[in-house]
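Here is a short report on one model. Look at the sequence and the structure first.

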Amino acid sequence: MQVVTISGFKGGTGKTTLACLLGVAAVKDGLRTACLDLDRNTRNLSGFLTQRRESRLESPDHVMLMDTEEEARTNAKPKHSGRLEPLVRMAKMDGYDLMIIDTSSGNLADVYEAHLLADLILTPMNESPADMHGLFAPIGSPAAPLINYRDMIDTVRFDRRRAGLPVQRWQVVMNRVSALPSKIGTIINERVAKMAQEAGFETIWNLRDRVAHRALALEGRSVFDTPVDGKLTMSEISGRAEVRAILSLVKRAPERVAAEPAAAQQKSSEEKIAA
Ligand SMILES: Nc1ncnc2c1ncn2[C@@H]1O[C@H](COP(=O)(O)OP(=O)(O)O)[C@@H](O)[C@H]1O
Ligand SMILES: [Mg+2]
């Protein structure tokens with residue numbers, strides 16, 4: 001079973017949209033798929049799956065994590081919540097091919113754990129400087145958030161190496177790409193391509209901005225479902241192809257070892273332990 005964690009600290013980048021699309025694409029492709037919604041605030045993915053069930057559309061299975069009474073009472077947030085691992089193990093034993101974990105935009109214990117357990121990390125971002133800074137802004141720069149997402153990935157990689165596990169693949173998905181080229185889009189793409197080597201992510205995938213994707217939350221219908229009038233538009237056909245390209249990654253044999261990021265090679269382990 002492959003575990004795909006879709007994440008990033010910035011909200012509104014398209015994490016849930018990608019989780020929905022990949023989940024439906026995988027099921028249509030014959031993969032036994034489970035989806036886990038870690039965004040306890042919006043529960044967008046759960047809503048999407050419920051709508052699909054009500055509309056009798058073929059869907060991935062919906063798995064949920066419940067808060068323990070202790071956590072609900074004390075609002076405790078340990079670094080490793082430890083509850084995802086048994087869930088993933090059970091899904092494996094149960095014969096699932098794929099688990100898709102949609103995360104909330106924050107550095108929370110279960111989000112961290114979802115990264116530790118992932119075979120593949122997908123990070124959507126829009127062609128906007130705000131999205132780019134959320135991922136990679138240099139520490140100390142005016143645009144830097146409290147924690148850069150790439151720093152968290154470095155820590156995940158460090159923890160996995162320490163546990164004797166291979167470094168997993170990390171891919172950035174440029175989302176809501178406009179059909180018209182723009183100056184800002186070109187700048188962002190150049191900077192992100194440069195950052196790929198330094199931060200250690202591999203490929204950059206593109207998802208166009210599509211009305212059909214925006215309509216996901218209406219009744220849970222996606223570009224992979226037969227339209228009510230039976231006619232597929234060019235946009236829907238292209239939308240399918242974009243998502244299937246990302247799905248092909250998931251279906252590849254799990255050669256999980258990714259390139260060591262240049263930045264991680266420079267950091268000594270002592271430095272990381274101290275951090
Ligand atoms: N490729 C896309 N085309 C059109 N709209 C999109 C696309 N990706 C995301 N959106 C829209 O952007 C908004 C944020 O997307 P969402 O998936 O909820 O982000 P996140 O889960 O990262 O917060 C939603 O209104 C969604 O419909
Ligand atoms: Mg979301």
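## Basis

This is a predicted model, in which local features need pLDDT of at least 70, side-chain atom pairs count only at pLDDT 80 or more, and totals for chains, interfaces and linings use all residues. Residues are numbered from 1 along each chain as its sequence is written, chains are lettered from A and ligands numbered from 1 in the order in which they are written, and side-chain values use heavy atoms, with hydrogens and water left out.

## Around ligand 1

The shell around ligand 1 holds 14 residues, and Gly12, Lys15, Thr16, Thr17 and Asn175 come nearest. A residue belongs to the shell if one of its heavy atoms lies within 4 Å of the ligand. Helix H1 (15–28), strand E6 (169–177) and helix H9 (211–214) each supply at least two shell residues. H1 gives the largest share, 3 residues. Helices (H or I, at least four residues) and strands (E, at least two) are DSSP runs, numbered from the N terminus.

An oxygen atom of ligand 1 lies 2.8 Å from a polar backbone atom of glycine 12. For threonine 13, the distance from a ligand oxygen to a polar backbone atom is 3.1 Å. For threonine 17, an N or O atom of the side chain is 2.6 Å from an oxygen of the ligand.

## Serine 104 and helix H5

Serine 104 sits in the loop between strand E4 (98–102) and helix H5 (109–117). Serine 104 counts as buried because its relative accessibility is 11%. Buried means under 20% relative accessible area, exposed over 50%, partly exposed in between (1.4 Å probe, protein chains only). Leaving aside neighbours within four places in sequence, serine 104 is in contact (heavy atoms within 4.5 Å) with Gly8, Lys15, Leu38, Asp39 and Val111.

H5 is mostly covered, with 8 of its 9 residues buried. Val111 is one of the buried residues of H5.

## Aromatic rings

Rings of Phe, Tyr and Trp (its six-membered ring) pair if their centres lie within 6.5 Å; planes under 30 degrees apart count as stacked, over 60 as edge-to-face and the rest as tilted. The count comes to 3 aromatic pairs. Phenylalanine 9 and tyrosine 149 have ring centres 5.3 Å apart and planes at 85°, so this pair is edge-to-face. Phenylalanine 9 lies in the loop between E1 and H1, tyrosine 149 in helix H7, 140 residues apart.

Tyrosine 149 also pairs edge-to-face with tryptophan 170, at 5.9 Å and 65°. Both tyrosine 149 and tryptophan 170 are buried. Phe9, Tyr149, Trp170 and Phe201 form one aromatic cluster.

Definitions and conventions: A polar contact is a pair of N or O atoms within 3.5 Å; within protein, one must be able to donate a hydrogen and the other to accept it, and residues adjacent in sequence count only if both atoms are side-chain atoms.
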